[in-house]
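Look at the sequence and the structure before reading on.

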Amino acid sequence: MKEILYSKIEGEGGIPMLVLHGYFGMSDNWNTFGRQMTALGYEMHLVDLRNHGRSFHSDEWSYEVMVEDIIRYMDHYNMCDAIVLGHSMGGKVAMHLATKYPNRVEKLIIADISPRSYAPHHQDILEALNAVDFSTKPSRKEVDDIVSARITDFGTKQFLLKSLYWKEPDQLAFRFNLDVFNRDENVVGEGIDETALFDKPTLFVRGGASKYIQEKDEILIQQHFPQAVIETIPGAGHWLHAENPQLFFEIVSKFLA
């Protein structure tokens, strides 16, 4: 029996909507958005992907297995199809899901990621996380100091430290599977297949100050997602849903309406 992904479910009985977080993230990153959408009548499934949050850890880590995790999750909850929203790595999972199983995705929403491949660019984050030696039983402040010495951006640091938890009464740990990320750092940047196609309503939302979706990506997006519309949140970076939650919510709810 394969394990089912952990999730937070709110708004039972509404139109189902899956939310897939980004690399190093978890479902908690989407609590505010989840509450906003529940108020509109959606049944929100804020999912922890494998090797993240409260979901299971596995040495197997690829977009293929993450897609199968979502299909198993949908089957478990008797969900024939759903609206799927994914941010960054979660957006890649959502694209793979929609192009492989188009009948399971009613509408697709992608936050700040393109279908193309990206060169590894998380080395500074991995370095900061690997600098923490949990065998010395550091305090929360000590972990914060170690990470802060290597990551100067406050938002990025806070985002990473959200995954810090007490594994035992006197033992901290990260919820994500750092060992697997160290071993397979190329996985997260892989693009979708050249022939992949999803011809249903699709929304791409990018941050105006983010470099993840560039002008050159717009042609590629239209090739894979012919019905795609692209919206921009001015001044927002990669964590656009956290930087301007109200505008992000308004763009998504308008698209769904």
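How many nonpolar, polar and charged residues are in the lining of the largest pocket? The model is a predicted one, and in it the lining has 12 nonpolar, 16 polar and 6 charged residues.

The protein chain is divided into domain 1 (7–117 + 190–256) and domain 2 (122–184). Their C-alpha centres lie 25 Å apart. In the contact between them, 16 residues come from domain 1 and 16 residues from domain 2.

The largest pocket holds about 660 Å³ of space. It is lined by 34 residues, and the closest to its centre are His 87, Gly 155, Phe 159, Trp 239 and His 241. Because domain 1 and domain 2 both give residues to the lining, the largest pocket lies between them. Several helices take part: H1 (31–39), H4, H6, H9 (240–243) and H10 (245–256) each supply at least two lining residues.

Helix H6 spans residues 154–161, and its buried residues are Thr 156, Lys 157, Phe 159, Leu 160 and Leu 161. These buried residues pack against helix H4 (123–130), helix H5 (140–148) and strand S6 (164–168).

Asn 244 is found in the loop between H9 and H10. Is Asn 244 buried, partly exposed or exposed? Its relative accessible area is 26%, so it counts as partly exposed. Asn 244 and Gly 207 are 37 residues apart in sequence, while their C-alpha atoms are 9.5 Å apart in space.

The model has 1 cavity of 30 Å³ or more. The largest cavity contains about 60 Å³ of space. Its lining is made up of Ser 88, Met 89, Lys 92, Ile 113, Tyr 118, His 121, His 122, Val 188, Gly 189 and Tyr 212. By class, these residues divide into 5 nonpolar, 4 polar and 1 charged.

Two of the lining residues, Lys 92 and Tyr 212, are also touched by Ser 114. Ser 114 sits in the loop between strand S5 (105–111) and H4. Not counting residues up to four places away in sequence, Ser 114 touches Lys 92, Met 95, Tyr 212, Ile 213, Asp 217 and Leu 220.

In soluble globular proteins, nonpolar side chains tend to be buried together. The largest nonpolar core here has 60 residues, of which Leu 18, Phe 24, Trp 61, Ile 70, Leu 108 and Val 143 touch the most other members. Helix H2 (residues 63–76) gives the most to this core, with 7 residues. The core draws at least three residues from each of domain 1 and domain 2. A second, separate core has 23 residues, including Leu 85, Phe 249, Ile 251 and Phe 255.

Which residues are in contact with Trp 61, leaving aside its neighbours within four places in sequence? They are Tyr 23, Arg 50, Asn 51, His 52, Met 66, Met 89, Val 180, Phe 181, Asp 184, Val 187 and Val 188.

Ile 70 lies in helix H2. With neighbours within four places in sequence left aside, Ile 70 is in contact with Leu 5, Leu 18, Leu 20, Val 47, Leu 49, Val 93 and Leu 97. Val 93 is 23 residues away from Ile 70 along the chain, and the two C-alpha atoms are separated by 8.9 Å.

| Residue | Relative accessible area |
|---|---|
| Phe 24 | 1% |
| Ile 70 | 0% |
| Asp 112 | 0% |
| Ser 114 | 0% |

Most residues other than glycine have a negative phi. Phe 24, in the loop between strand S2 (15–20) and H1, has a positive phi near 70°. Asp 112, in the loop between S5 and H4, has a positive phi of about 55° although it is not a glycine.

Note on methods
Residues are numbered from 1 along each chain as its sequence is written. This is a predicted model: local features need pLDDT of at least 70, side-chain atom pairs count only at pLDDT 80 or more; totals for chains, interfaces and linings use all residues. Side-chain values use heavy atoms; hydrogens and water are left out. Buried means under 20% relative accessible area, exposed over 50%, partly exposed in between (1.4 Å probe, protein chains only). Helices (H or I, at least four residues) and strands (E, at least two) are DSSP runs, numbered from the N terminus. Contact means heavy atoms within 4.5 Å. On a 1 Å grid over the protein atoms alone, a cavity is a set of points where a 1.4 Å probe fits but cannot get out, and a pocket is an open set with protein on both sides within 12 Å along at least five of seven lines; lining residues have an atom within 4 Å of a point. Grid points are joined across faces, edges and corners, and a volume is the space filled by probe spheres set on the points. Ala, Val, Leu, Ile, Met, Phe, Trp, Tyr, Cys and Pro count as nonpolar, Asp, Glu, Lys and Arg as charged, and the others, Gly among them, as polar. Domain bounds come from an automatic or database domain assignment. A nonpolar core is a set of buried Ala, Val, Leu, Ile, Met, Phe, Trp, Tyr and Cys residues joined through side-chain atoms within 4.5 Å.
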